[in-house]
Amino acid sequence: MNINKAWTLLIIGGLLEVGWAVGLKYAHGFTDLKWTIITLVIMIFSFYCFGYSLSKLEIGTAYAIYTGIGAVGTVLYGVFFLDEGLSLPRLLFLALLIGSILGLKLIEGEEEA
């Protein structure tokens with residue numbers, strides 16, 4: 001697998017993480033069978049994409065990006081679809097999270113130089 005495919009799979013996996021996090025909400029503690037099945041299927045594909053991407057990417061950076069996409073995406077889903085609100089402190093911490101993930105990506109591989 002080439003590096004571009006690994007990054008693509010990592011991003012897809014992170015986006016799918018948003019899907020299964022949202023699915024967990026709708027599964028209502030795994031009492032709604034339809035949403036439980038949907039959530040589990042999305043989880044499997046998400047972990048597959050993440051795991052497969054690790055054959056080419058550094059685990060620390062990849063995991064930060066994977067979970068960061070999931071965290072930011074889930075917060076944004078809550079804001080736009082669940083009326084969770086978006087305050088200045090929430091925006092600040094989302095920006096810090098994104099900045100930290102980008103920082104990890106920018107320094108990836110520098111330790112080896």
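A residue counts as buried under 20% relative accessible area, as exposed over 50%, and as partly exposed in between. In this predicted model, E84 has a relative accessibility of 41% and is therefore classed as partly exposed. R90, with a relative accessible area of 27%, is also partly exposed. The side chains of E84 and R90 form a salt bridge, with an N to O distance of 3.7 Å. The structure contains one salt bridge.

Aromatic contacts were examined next. Six aromatic pairs were found in a search of the whole structure. In one of them, Y48 and Y52, the ring centres lie 5.6 Å apart and the planes meet at 20°, so the pair is stacked; the cut-off for stacking is an angle under 30 degrees. Both residues belong to helix 2, which spans residues 33-53. Y48 and Y52 are four residues apart in that helix, about one turn. Y52 is partly exposed, with a relative accessible area of 37%.

A stacked pair is also formed by F50 and Y66, with 4.4 Å from centre to centre and 20° between the planes. F50 is located in helix 2, whereas Y66 is located in helix 3 (residues 59-81). The F50 and Y66 pair therefore ties together parts that are 16 residues apart in sequence. F50 and Y66 are both buried, which means that each has a relative accessible area under 20%. Ring pairs join F50 and Y66 with Y63 in a cluster.

Key: Residues are numbered from 1 along each chain as its sequence is written. This is a predicted model: local features need pLDDT of at least 70, side-chain atom pairs count only at pLDDT 80 or more; totals for chains, interfaces and linings use all residues. Side-chain values use heavy atoms; hydrogens and water are left out. A salt bridge is a side-chain nitrogen of Lys or Arg within 4 Å of a carboxyl oxygen of Asp or Glu. Buried means under 20% relative accessible area, exposed over 50%, partly exposed in between (1.4 Å probe, protein chains only). Rings of Phe, Tyr and Trp (its six-membered ring) pair if their centres lie within 6.5 Å; planes under 30 degrees apart count as stacked, over 60 as edge-to-face and the rest as tilted. Helices (H or I, at least four residues) and strands (E, at least two) are DSSP runs, numbered from the N terminus.
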